[in-house]
Amino acid sequence: MTDARPTFDVGYSSGVFDMFHVGHLNLLRRARNQCRHLVVGVASDEYVEQLKGRPSVVPCDERIDIISALGIVDEVVIDRSENKLAVWQQRPFDAIFKGTDWQGTPKGYRLEREMAGVGVEVVYFPYTRHTSSSMLRSFLAGGGGE
């Protein structure tokens, strides 16, 4: 049997988590397996609008309730900007977990540089390509379903 101890003490993952789906769950499960204490940042309504150019479908307080209810999450914080150093200064962590959709991109390289400056490792997990909140939003807007 292999040693299943987590690699990191405190891990951090963030997202909008609008219309929570299996891709979100996959990321958080993988993150949970890599750290002793999992902190999850939920994007504020203002940040979502700035980031996406439109409001979230589910308000921030409800998204926080959903993430908080997951037994794999130890702590939830509000994420207010793309600047993850600001979050780290308020709630230090050893690793930040992102989907592979960030890997090899300008925003991924920037995150790696910023986090390396404070000794935080960026860990990428496979992105769940068959579902996303954007896909769900598009499906619902098109009247798909029943």
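**Core, sheet and helices**

The largest nonpolar core has 18 residues, and those with the most contacts inside it are Leu28, Leu38, Val40, Ile67, Val73 and Phe97; such a core is a set of buried Ala, Val, Leu, Ile, Met, Phe, Trp, Tyr and Cys residues joined through side-chain atoms within 4.5 Å, where buried means under 20% relative accessible area with a 1.4 Å probe, protein chains only. At least two residues of this core come from each of helix H1 (22-34), strand S2 (35-43), helix H3 (60-69), strand S4 (95-99) and strand S5 (121-125), these elements being DSSP runs numbered from the N terminus (helices H or I, at least four residues; strands E, at least two). S2 gives the most, with four residues. Apart from this core lies another, of 13 residues, among them Val87, Phe93, Trp102 and Met115.

This is a predicted model, in which local features need pLDDT of at least 70 and side-chain atom pairs count only at pLDDT 80 or more, while totals for chains, interfaces and linings use all residues. Residues are numbered from 1 along each chain as its sequence is written, and side-chain values use heavy atoms, with hydrogens and water left out.

Five strands form an open sheet in the order S3-S2-S1-S4-S5, with parallel pairing, two strands being paired if DSSP finds at least two bridges between them. Strand S3 (75-79) and S5 stand at the edges, each with a single partner strand, so one side of each is left without a neighbour in the sheet. Within the sheet, seven bridges join strand S1 (residues 8-15) to S2, and Val10 stands opposite His37 in S2.

H1 lies across S1, S2, S4 and S5.

Technical notes:
Buried < 20%, exposed > 50% of the residue type's maximum accessible area, 1.4 Å probe, protein only. Contact = heavy atoms within 4.5 Å. Axes fitted to C-alpha atoms, helices over the stretch in contact; angles between N-to-C directions.
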